[in-house]
Amino acid sequence: MAIDSLVLGAGQQVGKSCVVVSMNGKRIMFDCGMDMAYHDHRRYPDFSRISNSGDFDSALTCIVITHFHLDHIGALPYFTEVCGYSGPIYMTYPTKALAPLMLEDYRKVMVERRGEEEQFTSEHIVECMKKVIAVDLKQTVHVDKDLQIRAYYAGHVLGAAMFYAKVGDTAMVYTGDYNMTPDRHLGAAQIDRLQLDLLISESTYATTIRDSKYGREREFLKAVHKCVAGGGKVLIPTFALGRAQELCILLEDYWERMNLKIPIYFSSGLTMQANMYYKMLISWTSQKVKETYSTHNAFDFKHVLNFDRSMIAAPGPCVLFATPGWLSGGFSLEVFKQWAPSELNLVTLPGYCAAGTIGHKLMSGKPTKIDLDKNTQLDVRCQIHQLSFSPHTDAKGIMDLVKFLSPKHVILVHGEKPKMATLKGRIHSELGIPCDDPANNETVSISSTHYVKARASDTFIHSSLNPNFKFSKSISEDESGLCLKDRRFMPQLQVTDERTAEGILIEEKNKKAKILHQDELLLMLGEKKNEVRFAYCCPIHVSNLEETKSTSDNVLCTSDRCSWLQLLNNKLSGQISGGNIQDFGEHLQVESFDISVCLNDRCPYRIIDSQKKSEAVFFCCTWSVSDEKLAWKIISIMENFDCESH
Amino acid sequence: MKFTCLSRGGGFHFPPCHIVNVCGFRILFDCPMDLSALSIFSPVPTGFDAEVDVKVSDFQDSSSSSSDSVARKRQKVDKPLDVNDLIYAVPWYKTVNNLHLWNVSFIDIVLISSPMGMLGLPFLTRMKGFSAKIYVTEVTARLGQLMMEELVSMHMEFRQFYGPEGSSFPQWMSWEELELLPSSLREVVLGKDGTELGAWVPLYSAADVTDCTQKVQTLRYAEETCYNGTLIIKAFSSGLEIGTCNWTINGPKRDVAFISNSIFLPAHAMKFDYRSLQSNDIVLYSDFSSLDAMENVEDDDGFSIPTTDSMSTLSMDNNNNNWEESVESLLYTDESLEEQEKLSYLCYCAIASLKVGGSVLIPINRLGTLLQLLEQISASLESSTLKVPIYVISSIAEELLAYTNVIPEWLCKERQEKLFSGEPLFSHIELIKNKKLHVFPAVHSPKLLTNWQEPCIVFAPHWSLRLGPVVHFLRRWCGDPNSLLVLESRLDAELALLPFKPMAMKVLQCSFLSGIKLPKVQPLLKILQPKIVLLPEDFKQQTRFTNANSFSVIHYSENASTRIPSLKDSSELEIATNLALQFQWRNLKHENMNVTRLKGELSVYHGKQRLLSGSEQAKSSKIRPLLHWGSPDLEKLLNILSNIGINGSVEQCMGNGESEKACIVHVHEPKKALIEIGTSTIISAGDENLASKIFEAIDKVLEGI
């Protein structure tokens, strides 16, 4: 059995996340994202690799979407409505609620403002969302008889989840984007300690270790405050969801504390509608935000007003959130054109802007002039503040997660190639876990866990749970050289309790394999036990046996017998390590090996004719096959044992 | 496995309570309290009522029980109940009597199915030695906590009136006083068999509630949790209220489903997820609602939609392929429509009262009903163009209403659709914003006094009419024939309204669906396909189960233990592949069986038993069989021996007195050795090699493993 992971997107790059995992006959697509940097077919994952015939319903068991960012969900309406996939799609409640806004926002930008050909329509989005099954965190969802999935909190954006999938005995986790440190409005990723064959993790910050976020938040607030205090306008281009709400919480809090009265605006694209969703989904935010819902919902922004197009040129300071992010067109670009020429104003940009956008151009160097298109050039004199907080985990977080889950295999996606290679090396060398970073359209195959199922009898289970104490005396001189001198000669008693389950597995035609305890087998078969034992009457030479015999009237008395055994006991305990010699007076026992003094001259087990019978004392030994090795070892010790009597 | 029903409870507000022993773990299902018993107490007396003052001093001052008053009271015993018969003291609370017989430290797990089932939990958690793990859904934990906090805050009014309680038993609990109680009240105190005085306890404190909520572990629906590595416990929606649940408990040998009061298609909460209860061997059926509905028919007064369900037997044609479909359609028969009609009628009556200038008082604490009524009444007001304010007055109302709007994951499909289209889940958010609905923590809130307007609609706790703001409103309006009081039909209205007599106010008693209706029990069980079903004994008379059932039914009764027979003599075990690859199979002549020895380490992980290859590496050398059976074929043995160069002679066969044959083979070649053959076999040889060769030969003629 194997797990095959076909990476259709975000292989050694950031953009269009899409991994198709096949395990035990089930095929799951994790994320269905688009690449914003391309405007041709490369923006979508190459779906033809899933099924040549285009029959995606039979090729895929289900689709799982981790969060509402376009690079994780952007291609979904296209895949369902244009390519024709109509199977189940799973995402968390917030993702299902917020994804249509995100998709619609994007569609508008593409079509209405950039004048591109429509990839999917509004109706497509609506139809697509109807196929979505919303899941709650930690809820175990049975997709079908064999496949179960479960979402875990990922903290990246509202509703972001890592997904666990299990088919039979094979299990894996796909993280999507996640954040291991809590931020102002979201908590940190949380997952159970699972037994996994595979972990597919994002690696945006594969080599970065980030310090506390609060310093960077303070910087942002300082920059904004400085700008508005100087009468400037602050433009914050964002997408409708996520960053806008996070920064707004930050500003609201700051405004409240500093008693600022300068207006904060939301552009019409960023409707208050989005905040309505956030208010209802407050249980998916951080603990601190969550706790306040009854008295004041943190997403009830008090200082926020709606912005009107006519206000662009209005005098006086203000803060404006405008869509879309990255200044990729639309309203935010329109405002930017008006505000950029004044050095009083400020534009804040996120840590990442897709290549080809104005935002990307602004971030590369300190340009004073920007080419808007072939004919227009724009003077940029305003200040530019780069927001360096991004809700992705850093390298330490990734390593912590991998270490915590200890999967049998790791695949890295959603990162930059050289950095991923470094992280891959660390995971392999530091954690000893094999790791891959496949490129797009590559398949990684790894072996999966499988268990053989059987029914076990109660007796077997109970016997397996019985304590199995082993006592051994060890003189730990060599091991603990630093031990106190007086303790060095004290033999230490070691007690181990290694419980082993020993039983018999029975396979019958047309019946489930069954495990029995040894004692139950004969009962089941209705047979009688035939015990096979070994026997050997072992002579031990005693040099002064005659003397002894004469003194004791040719008969070895009981006490003599015992003393012979005693001698033997001393000898053996010096030479056998590990085995416990039990002294029963009349006989000694080591495991199943039994020794007693033999007085029967015609003992049938005296196989070897001793040359000097008179000089030997015979010990009758019997044992069972399980202690064969031990038995012959003892016998060889006994045969070489020259007994000095008294 | 043992099942003990500690209490069959009583209706929606007092769910049943059971203890079950599964796989050696004791599980307590719910820890409710009987708040209907509060009706024996008087509500907080109004300060100006002179007669009451006398009564109070009577009860408070223990020394003043003059023989005169005793005689006076004794006469009352057989008279119709009088307001003075009620107990004037800080109320105590009636818990599940039989639970007190158990040592709490022996309880391993507590499963709470509803907020009502949580109300008695602080009594347990504050007890010394209590260490059980408590599982409860996130929403039930929150709602339960709110309800407990509300109870504590309402109870405060009594404490303020009567002063701090003494440490000893209150006066009313002394046997002298109890004997003077009218028989109907005495029965509430002592129970039918007179043993329940021990069930009464003083209320927990706010600190106890906090402590209790910190001890619970919250779950979401269908979240797996593992107790002690052995039991997998999951909660699934029961549909009764937001966050209420049924349970599945899966151990190595038992798969149990527990069904509490459930509603198939509720109008607010997520629907009854019965599909997830499938494929469990045992169903513990604990929904008494259909039985309660029967009992209630007699004391219907005023308005009530009859809830009697005709006795039914359902014989399904199993040959019919789509029987499951038809069964399911039966489960969804429109009870929600019926509920809808009740609410509409209620709204109609409310509007009628408002129109003639009366006010409407609704002391219904059922969250679902409250939320729906808020929506419907406001809609009715809208359409009737009446401008009448709605008040919700409770210390927790603000938080409760805010909370219901942030838990979309726990609501029914229709409400979830509201989330996806960006509308508030319940319309009360809008109502508050538009100042149509006013929420106040208490009657004496200053804002309420300035805002107050009559006629109006007031939602206020508590349904027992003994605690909380409702008492004040009832006192205000009980003489107004135009005003309307809405009660649940389960409540004993006669007793409940006693302190407010004479009542001119109209009373509307309404019963709401609070469980699975009788005709649906059997189809439901058919879908669940268990092997054993535990049903309350009362079902015996109500349902006849057709013979076609694949399951057996065990009836249980209150306060009796039922042993549930074991269904499996073996448990599931998983063997690691690397261990399985080491197997050395032997074919038995016997019955065409393959057998192998196996050795490993047994681990229990997440409810699964697994056999893993142990730390000690299995030796690659051939493992010798350790157990033999049968009797050897002598000729075959000699043959095999001579083939490997071992020759000998059979010395003699001697009868051992038994029919078993015994003989000795003397081996001469290559060395001297001896084999004793009989019911057991002994090999005696001088060196290891020869002995082992002989053993192999013996192994071939015997069967062994």
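Author: We can go through confidence, domains and the contact between the chains in turn.

Reader: OK, what scores does the model get for ipTM and pTM?

Author: This is a predicted model, and it scores 0.86 for ipTM and 0.86 for pTM.

Reader: And what does pLDDT average in chain B?

Author: The average for chain B is 84, and 86% of the residues score at least 70. Over residues 49-68 of chain B, however, pLDDT stays under 50, and the model has 14 contacts beyond four places in sequence for that stretch. Residues 296-321 of chain B also have a pLDDT below 50, with 47 contacts in the model beyond near neighbours in sequence.

Reader: Switching to chain A, which domains does the assignment give?

Author: The assignment gives domain 1 (2-209 + 394-447), domain 2 (213-386), domain 3 (455-525) and domain 4 (533-643) of chain A. Taken over C-alpha atoms, the centres of domain 1 and domain 4 of chain A are separated by 73 Å.

Reader: How many residues of each chain are in contact with the other?

Author: In chain B there are 72 residues in contact with 63 residues of chain A. Strand E26 of chain B, residues 593-605, contributes 10 residues, the largest share of the side of chain B that touches chain A. That side has 33 nonpolar, 22 polar and 17 charged residues.

Reader: Which strand of chain A pairs with E26(B), and in what sense?

Author: Strand E26 of chain A, residues 501-508, pairs with E26(B) in the antiparallel sense over eight bridges. As for individual residues, Leu505(A) stands opposite Thr596(B) in E26(B).

Methods
Residues are numbered from 1 along each chain as its sequence is written. Chains are lettered from A and ligands numbered from 1 in the order in which they are written. This is a predicted model: local features need pLDDT of at least 70, side-chain atom pairs count only at pLDDT 80 or more; totals for chains, interfaces and linings use all residues. pLDDT is the predictor's confidence in each residue, from 0 to 100. Two residues are in contact if their C-beta atoms, placed from the backbone, lie within 7 Å. Domain bounds come from an automatic or database domain assignment. Helices (H or I, at least four residues) and strands (E, at least two) are DSSP runs, numbered from the N terminus. Ala, Val, Leu, Ile, Met, Phe, Trp, Tyr, Cys and Pro count as nonpolar, Asp, Glu, Lys and Arg as charged, and the others, Gly among them, as polar. Two strands pair if DSSP finds at least two bridges between them.
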